[in-house]
Protein chains: 2
Amino acid sequence: MTATATAPDGYTPLVIDGLQCGPYDRDVFLQLRAGGVTCATATVAFWEDAVETMDALAAWNDLLAANADLVVPARTAADIERAKEQGRTAILLGAQNASPLQGRLGFVRLFHDMGLRVMQLTYNNNTEFGGSCYEESDPGLTRFGREVVREMNAVGMLVDLSHSGERTRRDAIEHSALPVALTHANPRSLYDHPRNADDATLKALAARDGVVGLATYRSICGHYARTLDDWCAMVARTVDLVGVRHVAIGTDLSPKAGAAEFTWMRKGRWTRGEQRGADLGTSPTSDTDTDTTEWLTDASGLAQVTTRLVDFGFTSDEAHAVVGGNWLRLYSAIFEGGHGS
Amino acid sequence: MTATATAPDGYTPLVIDGLQCGPYDRDVFLQLRAGGVTCATATVAFWEDAVETMDALAAWNDLLAANADLVVPARTAADIERAKEQGRTAILLGAQNASPLQGRLGFVRLFHDMGLRVMQLTYNNNTEFGGSCYEESDPGLTRFGREVVREMNAVGMLVDLSHSGERTRRDAIEHSALPVALTHANPRSLYDHPRNADDATLKALAARDGVVGLATYRSICGHYARTLDDWCAMVARTVDLVGVRHVAIGTDLSPKAGAAEFTWMRKGRWTRGEQRGADLGTSPTSDTDTDTTEWLTDASGLAQVTTRLVDFGFTSDEAHAVVGGNWLRLYSAIFEGGHGS
């Protein structure tokens, strides 16, 4: 069914990409299939409010129905395992901001009802919930933020801290009754960028059984983006730091994004000024040597990862954990819901 | 558990009220229990847009959780039967207008995800979906209206035509792949009011296996509202007209509504003028003789209905069909969804 590379031990890995951006079309679904990707978490909101996010969810319902031979909606870990058996890609829906809540605690449950399973507390700005990695001052998880984390635990939605500031990350890791995630970020000790996470944060995340999805987004990888071997070296070093149980993939891929999409991600409606987001001083033209991810221009490149991790010294079990098993375990622990309230 | 009157044949009827207005609090839930009501469909929107309706749904989630000893949310017919076993009242959520869609076809599925199971295409005004019973001209079910009916069939949401104009009612009955409802209306041949339905409409509804919930709302009952015996006479005459399989209860009760709620129902945001809605020329002060429903000031009065229907000449099976069985059958046929798309 899929073009997945078979691992040396003979069984095909279950590959999960914990964070992608879009936009999506049938081409992208074919790339996911070519990459042997069983599940991808797609972004439905960066700055969108409630109704705009519902527009995105409704569009996803239509897109999934129109491409049912390739993709299926996922709302549980079991949906992902079923997709694997069917040779299809399960699409999980996530938000990179809590803007869909439009200031309402009760909307956490309603968006969960509509299929949202992952949500960041902040994107690139401080919010009523916490601080962003790009602000001068991160005030930490707010009282409202604590309420939202508790509600996400109760309904079964994964707390994502990828774009949050270090203080908010630490607060949320501590406050959450369940493990949390950095769905797409790298260790700052390997590449110094505000989007990346301190070793102490990563260790705290792992101590509560959370998962970090290592990004392939060139601007936050530095030289680790150059080749797949370089990226595998980042995986190995992160595993040394936090343990193989806590490292996964979160590419941040958006192969079909154009100027309009990047402008929306970077500027939303909050500024007319120049905002490069993660690109900061390392725009494509400023450093072509380190800013190219030639090995992964779209998800089809993920087909190589499992075997290369094994070549790199990982056992087959370890490689399988990194390429999908760790996300599946975390999703399974979170999505069933019912944890406190 | 409940104070339900036991029917002459010894078993307690499953009572469903197909339409109530609110507002709700614990007192109202206790009235439902006292009335032996196993399920009530509560209104979450009259003129509310998407986010306002979500606010109402979120408030319901909290209210249900806070009164879980008395009430449970219902999303399927099985939920209603389970509530009966537990001696609790299942709350179904419905909208008396399609305003929550905010012009979007795709929101039908999203509101279904959030728990909405019944929706009118129009309330008191013509909409983009069809015509209201109060407008001078009812243009019938529109192209958008047909799309919405088809989508409601597909996702499993009951089409309610209670406030629609006669032409829109007939169009929707014909267009819908599944039975539809008048959740709260009476035969116009028994009491002439624009909110009530022509015999031909009622017969068409029944021919497609739909259900009409007879209202106790005094303004659309006329003299049939005076006593329970009068109301039972209306039931009997409606049964003569369309058959016992197609007649049910839809009280339109709102025991806790005050001036603010009635003003919102009648005027929404569309007029500053006087709008009496169903009261029209028969306001409480103009005709106290026919405008009093002394036997049903709140849902506790429903405890008397089953036995009185039997006294009135209905068999026990017939009485059970009218007080709940017919709604349960229709809900079961609709809510499973998956009919075309």
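Q: Is helix 11 of chain B mostly covered or mostly uncovered, and how many of its residues are buried?
A: A residue is buried if 20 or more other C-beta atoms lie within 10 Å of its own, exposed if 12 or fewer, and partly exposed in between, with C-beta atoms placed from the backbone. In this predicted model, local features need pLDDT of at least 70 and side-chain atom pairs pLDDT 80 or more, while totals for chains, interfaces and linings use all residues. Residues are numbered from 1 along each chain as its sequence is written, with chains lettered from A and ligands numbered from 1 in the order in which they are written. Helix 11 of chain B is mostly covered, with 14 of its 20 residues buried. Helices (H or I, at least four residues) and strands (E, at least two) are DSSP runs, numbered from the N terminus.

Q: Where is the kink in helix 11 of chain B centred?
A: The bend at a residue is the angle between axes fitted to the seven residues ending there and the seven starting there. Here a kink of about 60 degrees is centred on Val322(B).

Q: Which peptide bond of chain A is cis?
A: Most peptide bonds are trans. The bond joining Gly22(A) and Pro23(A) is cis, with omega about 5 degrees. Pro23(A) sits in the loop between strand 1 (15-20) and helix 1 (26-34) of chain A.

Q: What is the phi of Gln102(B)?
A: Most residues other than glycine have a negative phi. Gln102(B), not a glycine, has a positive phi of about 45 degrees. Gln102(B) counts as partly exposed because it has 16 C-beta neighbours inside 10 Å.
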